[in-house]
Amino acid sequence: MQKKLLVCLLTVMLIVGFSLTLPAATVAQDGTLVTIIRDNYGVPHIFSEEKEGLAFGAGYAMAQDRLWQADIYRRSSFGSLAEFGLATIDQDYATRSMGYSKEELGEIFDNWVPTNPQAKLKEMFEAYVDGINLYIWQALMAAAGGDYSLIPIEYLAFGLPLEPFTIEDSVAITVMMAWRFGGCGGDELKYAAALQALQDMHGDEVGWGIFNDFFPQNDPGAEVTIPSEGSSQTSGNVPNLALPSNIGDTYQKYEEGKMGQTQLLESLGIPTKFGSNAFMISPSKSTTGNALMVGGPQMGQSIPQIVLEVGLHGAGIDAVGMMMPQAPSILIGVSKHGAWTSTTGVSDVMDTYIEVLNPLNQYQYFYNGEWVDMEVRTERIYGPLKLYYEDREVYRTIHGPIIGWDLDNNLAFTMKAPYYKNELQAEEGWSLFQQARDISEFEEACKTIQPAHNFYWIDREGNIGYWHCGTFPIKPEFGLGGRPIDDRFPLWGTGEEEWVGLTGFEEMPKCINPEQGWLANWNNKPIADWPYGESDAGWGEGHRVKEIMDVIKGLLAVKGEISFEDTNTINIDAGYNHIPGMNLLDDLIEAAKSDHSVSSEAVSYLEAWNHHYNDFEAPQWPSDDATYDDPGLTIFEAWYSKIFDEVFEDDVPPYEEVGPIHREYATVWPSTLIHVFDGPDSKQPLNYDYLNGKDRDKTIVQVLKEALKDLKKTHGTDMSTWLTPVRTVTFDQMGALPAPTMHAMNRGTYNQIVEMPSHPGTPPHAVNVIPPGQSGFMQYPGIPSPHAYDQLFLYETWTYKPMRYRYEDIMEIAESVALLMYPL
């Protein structure tokens with residue numbers, strides 16, 4: 001599967017205070033020369049005349065910066081953390097029960113037939129692994145001679161083995177990323193549990209109406225990326241969904257298991273979050289007449305960061321941007337032809353199936369009129385240092401891996417995805433973006449994407465484009481016993497409710513060069529009345545993307561154009577925007593002003609607040625006692641913390657009975673609350689009177705008075721001192737590097753701002769930042785890399801470093817140059 005590693009390190013030269021002239025790359029008789037130049041932020045720029053050489057250099061450079069991280073990723077992806085003492089055998093088993101065996105991972109690679117053979121994607125994957133293994137070999141050889149400086153200190157501190165990488169490791173990480181960041185949907189158990197709890201409390205008809213208020217299939221007020229108008233819909237008659245009566249218990253057990261895995265990953269500094277934003281400005285609306293882009297993929301904050309930066313130069317590729325440790329692919333970045341970014345699409349690509357089990361054999365399920373044996377494999381899971389092991393069996397049905405058992409009722413629950421055992425093919429486009437020369441080639445790459453992702457492109461021709469990608473299940477209208485199929489609920493796995501097909505690329509929402517001259521997205525709904533969202537619960541009116549859209553509209557109304565500098569201003573504004581305040585502050589002020597018994601001072605502070613986390617006045621961050629500037633913020637948050645209970649508490653079951661509904665407060669119900677407060681003017685008419693006949697403004701004021709009373713008890717009577725402490729974020733710590741703390745910002749883990757000039761000889765005007773830094777390496781006996789933290793200040797101050805493309809520009813700031821030879 002891999003070439004025999006016959007690589008010779010030619011020379012390593014440190015460049016200190018002077019420039020060194022080197023050819024970009026030359027091809028020797030026995031291979032291709034690979035040049036790795038590291039700039040003043042430690043970013044490696046790989047030069048080679050062959051794509052395999054670029055990939056080899058990228059693997060080697062990644063290993064220099066992130067070897068421990070890559071090792072943790074491969075182990076967490078496959079389920080072998082227990083070998084390092086970082087998880088239990090039960091936790092590794094939970095991972096393997098959802099994933100693939102080593103043999104299957106190899107088959108996924110072997111069976112992958114790339115759509116564009118000239119792109120050499122498989123060859124690049126293999127060369128990338130070879131590059132990692134060269135560095136591992138060098139580190140082990142040096143250690144054998146008493147020099148431990150190349151081995152990450154984590155291996156030495158814990159006495160852990162440093163083992164070679166394999167293609168299967170890269171595939172495992174790719175699979176993990178595909179399911180974690182693009183495997184959207186699959187929440188049918190949650191919705192079913194919520195519906196049953198509401199119907200138990202209110203009866204079938206009222207419970208069904210409330211459920212549809214909280215979890216509508218279509219919210220016509222939802223902000224959409226592609227300009228369009230939505231239509232409202234009624235909840236209709238109460239359907240006979242024929243679901244198991246104890247599905248709430250099943251969901252609770254599933255959530256507990258998932259939460260345990262999430263806590264494990266977070267304890268290791270492995271990101272579990274997503275929520276990215278992006279916006280683009282057409283030349284007709286930009287100050288310079290060039291297309292503009294801001295990309296901000298949000299994946300949490302860890303040290304080292306989930307992504308690192310690389311430049312690939314040669315063999316038809318000339319791109320710089322962020323990559324992950326598993327492959328030589330610039331996932332989000334800028335090339336000499338264009339710039340691209342991505343956000344998670346959120347549309348429904350996964351479905352939960354209910355399997356009916358044989359009462360005499362729990363490992364058989366009923367499908368198409370007969371009992372079918374589950375697929376089973378045995379996984380050997382080792383404990384620390386492989387001193388002991390346990391053999392565990394993993395089961396699947398035709399629909400996918402088992403995610404839960406209900407043996408009392410002879411049921412099991414599985415998860416089905418359209419790209420099962422085909423993740424490399426399904427994610428191929430990510431590796432093609434860096435080779436795209438125009439918008440047509442970028443669109444061709446988008447066609448290969450099967451998980452739910454949004455993609456964005458700008459280029460020198462002035463194009464801006466948006467694609468909502470994925471292959472989404474098309475389900476039958478009716479299922480088992482003639483029951484109606486509702487996308488929000490599980491499907492029965494007995495054969496009557498199989499997918500009837502998958503959507504094609506032509507059905508996907510896309511928009512190129514819109515008349516309005518801009519596009520924006522923050523994981524919001526792609527287009528009005530989009531039918532493949534499972535539920536509009538997370539896409540409802542008042543979505544966080546509204547602030548970006550409003551600021552763009554405001555700038556264009558005032559100036560008629562947007563500059564490169566303005567794009568960062570928009571990013572900053574969104575980063576400190578208080579989303580509930582954006583949606584509800586005006587309602588609160590209006591109600592408070594209608595009641596003269598409300599403190600006028602409190603109203604003045606609310607009116608003075610601009611629904612942002614402002615920290616311009618002393619004490620400012622990083623002071624230990626730093627506070628935001630506005631008493632209005634404190635007053636609003638005190639009110640906001642109470643208003644949901646006042647409006648909804650008597651309408652939902654207690655938390656101990658159905659926790660999932662209560663956990664939706666912060667993410668779903670703001671849109672429902674907007675509809676409640678809008679009353680008859682609501683874009684989405686509601687099925688239930690949540691105010692119980694009370695006046696809206698009186699309800700708002702009642703809660704405000706309670707909040708003011710509480711604040712006087714806790715903060716005193718001087719409202720000017722009612723200031724909220726600055727929120728902070730501490731990075732998740734993956735290895736030995738201490739985790740820094742910074743003030744909170746709602747922005748990309750990685751940020752890039754790009755202007756694509758029309759003149760082909762002018763390099764892109766592009767800047768980016770990855771906090772806290774490029775390197776995750778700590779050298780024995782405990783010396784952190786100088787590039788472990790050197791981008792943290794940039795990030796906190798909303799400043800950036802330039803992205804460089806030209807060989808001579810990179811050499812001007814080079815810190816080191818390495819030459820490698822890779823055999824072809």
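**Entry 1: helix 16 and helix 17**

I began with the packing of helix 16 (residues 600–608) against helix 17 (residues 631–648) in this predicted model. I found an angle of about 105 degrees between them, and their axes lie 7 Å apart. Because angles from 65 to 115 degrees count as roughly perpendicular, I recorded helix 16 as roughly perpendicular to helix 17. I then listed the residues that make the contact: A602, Y605 and L606 come from helix 16, while P631, G632, I635 and F636 come from helix 17. Sorted by class, this contact has six nonpolar residues, one polar residue and no charged residues.

I also looked at the loop between helix 16 and helix 17, where H611 is placed. H611 is not a glycine, yet its phi is positive, at about 50 degrees. Is H611 buried or exposed? I noted a relative accessible area of 18% for H611.

**Entry 2: helix 2 and helix 9**

Next I examined helix 2 (residues 89–98) and helix 9 (residues 247–267), which pack at an angle of about 110 degrees. Their axes are 11 Å apart. This pair is therefore roughly perpendicular as well. Which residues meet here? I found Q91, A94 and T95 in helix 2 against G260, Q261 and L264 in helix 9. By class, the contact of helix 2 with helix 9 divides into two nonpolar, four polar and no charged residues.

I took note of the spacing along a helix. An α-helix has 3.6 residues a turn, so residues three or four places apart point the same way.

**Entry 3: helix 8**

I checked how far helix 8 (residues 204–214) is covered. Helix 8 is mostly covered, with eight of its 11 residues buried. The buried residues of helix 8 are G207, W208, G209, I210, F211, N212, D213 and F214.

**Entry 4: nonpolar cores**

I looked up the largest nonpolar core and found that it has 227 residues. I552 and W639 are the residues with the most contacts inside this core. Helix 1 (residues 51–78) supplies the largest share of the core, 14 residues. A second, separate core has 10 residues, including I37, M811, A814 and M821.

I then followed W639 in more detail. What does W639 contact once its neighbours within four places in sequence are left aside? I listed L584, L588, F677, I700, V703, L704 and A707.

**Entry 5: cysteines**

How many disulfides are there? I counted zero disulfides. I looked at C469, which is in no disulfide; the nearest cysteine sulfur belongs to C446 and is 4.2 Å away. A disulfide requires sulfur atoms within 2.5 Å. C469 is buried, with a relative accessible area of 1%.

I located P490 in the loop between strand 21 (473–474) and strand 22 (491–492). P490 has a relative accessible area of 0%, so I recorded it as buried. I compared its position with that of Y191, which is 299 residues apart from P490 along the chain. The C-alpha atoms of P490 and Y191 are separated by 9.0 Å. Not counting residues up to four places away in sequence, P490 touches E188, L189, A192, L243, I247, T352, I354 and R483.

**Entry 6: backbone details**

I searched for cis peptide bonds. The bond from I303 to P304 is cis, with omega near -5 degrees. P304 has its place in the loop between strand 7 (302–303) and strand 8 (308–314). Y780 and P781 are also joined by a cis peptide bond, and there omega is about 10 degrees. P781 is in the loop between strand 31 (778–779) and strand 32 (783–784).

Finally, I noted V346, a residue other than glycine with a positive phi, near 75 degrees. Where is V346 found? I placed V346 in the loop between strand 11 (338–344) and strand 12 (351–358). At 25% relative accessibility, V346 counts as partly exposed.

Key
Residues are numbered from 1 along each chain as its sequence is written. This is a predicted model: local features need pLDDT of at least 70, side-chain atom pairs count only at pLDDT 80 or more; totals for chains, interfaces and linings use all residues. Side-chain values use heavy atoms; hydrogens and water are left out. Axes are lines fitted to C-alpha atoms, for helices over the stretch in contact, and angles run from 0 to 180 degrees between N-to-C directions. Helices (H or I, at least four residues) and strands (E, at least two) are DSSP runs, numbered from the N terminus. Angles under 35 degrees count as roughly parallel, over 145 as roughly antiparallel, 65 to 115 as roughly perpendicular and the rest as oblique. Contact means heavy atoms within 4.5 Å. Ala, Val, Leu, Ile, Met, Phe, Trp, Tyr, Cys and Pro count as nonpolar, Asp, Glu, Lys and Arg as charged, and the others, Gly among them, as polar. Buried means under 20% relative accessible area, exposed over 50%, partly exposed in between (1.4 Å probe, protein chains only). A nonpolar core is a set of buried Ala, Val, Leu, Ile, Met, Phe, Trp, Tyr and Cys residues joined through side-chain atoms within 4.5 Å.
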